[in-house]
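Thanks for asking me to look this over with you. Below are my notes as numbered points, to be read beside the sequence and the model.

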Amino acid sequence: MTARTILFSLIMAVAFTGPALARCADYVPQPKPQNASRDIVGADLDTIVERGYITFAAYEDFPPWSYEEGGRIKGVDIDIARLIAEDLGVEPRFRLVAAGENLQADLRNWIWKGPIVGGRVANVMLHIPYDSEFACRVEQVVFTGRYHQEEVAIAYRRAAYPDDPPVPAYFRFDTVAVENDSIADFYLSSLAGGQLNGKIRRFATTAEAMQALAGGKTKAAMGPRAQLEFGLTDDLDLHNPPLPGFAVGKWVSGVAVHFAYRALGYAVDDAIYAAMQDGRMTEIFTRYGLTHVAPKYR
């Protein structure tokens, strides 16, 4: 299972289930970490400042957010982490991690408890989708520092659609590339009683789907806007069409910290908010050819 699949599992749960009767009214508390030494369950803000470095967990092989290129870790999330560390006056250290079974498992492994084998928790985990109901159920984690609103989009070849950009209904007849088992794959496979399945071309990642589109193997590609933007060429364009029957086509990404370290959460949130206000956040997105959309709430 990929990081993108896990990230979208939360979004799909919100999109296709009914509203809760009341926020946090029906969640089942999870066990608190017990019998673990302090260096296993994280560090508070004072300790981080005193020792001079802060650790970040980010998903591996997840361009444009976090990935390795030429032996160097880079990406939008990595630059945001460097920005946070600079604001705190400490050195950033990174751990690119594989996605676990689901988002809860990732938060358990890298924020509040630690993996069974091979590693310790990080002080901050990047690119966490925010949902208030999910936050109720994972009480060991503070979700903060919301920095970007993402949405599902469609990239397409201009020559194939010179007049009107494609909408999902077009894919009954035209080929479309998606990441396998992603939110776009789930949506298109379910649309119109499965009538689009014959034209869906599935790839291991959204980056590969965009490469297929750029190479002329499909007429369009569907997925998160930022990942599509990152793969655009001069022959391609993208837009955000209406998505009939899809309740949640937008979501907000932020960070996660251990519930015991509220001061750290406040400091990280302040750093991100300041960067959004003074233009540094937009500069990071522009550096990767992306459009930054600030969340409408903080």
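1. Nine salt bridges turn up in a search of the whole structure; the term stands for a side-chain nitrogen of Lys or Arg within 4 Å of a carboxyl oxygen of Asp or Glu. Please keep in mind that this is a predicted model, where local features need pLDDT of at least 70 and side-chain atom pairs count only at pLDDT 80 or more, while totals for chains, interfaces and linings use all residues. Residues are numbered from 1 along each chain as its sequence is written, and side-chain values use heavy atoms, with hydrogens and water left out.

2. Glu 69 is partly exposed at 45%, and Lys 74 is buried at 18%.

3. Next comes helix α3, which holds both Asp 79 and Arg 82, three residues apart, or about one turn of the helix. Helices (H or I, at least four residues) and strands (E, at least two) are DSSP runs, numbered from the N terminus. Asp 79 and Arg 82 make a salt bridge, with 3.3 Å between the closest N and O atoms. Asp 79 is buried, its relative accessible area being 10%, and Arg 82 is partly exposed at 29%. Together with Arg 287, Asp 79 and Arg 82 belong to a network of salt bridges.

4. Another salt bridge joins the side chains of Arg 158 and Asp 237, at 3.8 Å from N to O. This pair connects distant parts of the chain, 79 residues apart: Arg 158 sits in the loop between β6 (141-157) and β7 (176-179), and Asp 237 in strand β10 (residues 236-239). Arg 158 is partly exposed at 37%, as is Asp 237 at 26%.

5. Now for the interior. A nonpolar core is a set of buried Ala, Val, Leu, Ile, Met, Phe, Trp, Tyr and Cys residues joined through side-chain atoms within 4.5 Å. The largest one has 57 residues, and those touching the most other members are Ile 54, Ile 80, Leu 107, Met 125, Phe 143, Tyr 147 and Ile 272. Which helix gives the most to this core? Helix α3 (residues 76-88) does, with eight residues. Apart from this core lies another, of 19 residues, including Val 176 and Leu 243. In soluble globular proteins, nonpolar side chains tend to be buried together.

6. The loop between β1 (53-59) and β2 (67-69) deserves a look, and Asp 61 is found there. Phi of Asp 61 is near 50°, a positive value in a residue other than glycine. Pro 64 lies in this loop too, and the peptide bond from Pro 63 to Pro 64 is cis, with omega near 5°. Most residues other than glycine have a negative phi, and most peptide bonds are trans.

7. Ala 192 also has a positive phi, of about 55°, although it is not a glycine. Its place is the loop between α6 (183-190) and β8 (200-203), and Ala 192 is partly exposed, with a relative accessible area of 36%.

8. Finally, Tyr 67 lies in strand β2 and is buried at 8% relative accessibility. The C-alpha atoms of Tyr 67 and Ile 78 are separated by 8.6 Å, the two being 11 residues apart along the chain.

Key. Buried < 20%, exposed > 50% of the residue type's maximum accessible area, 1.4 Å probe, protein only.
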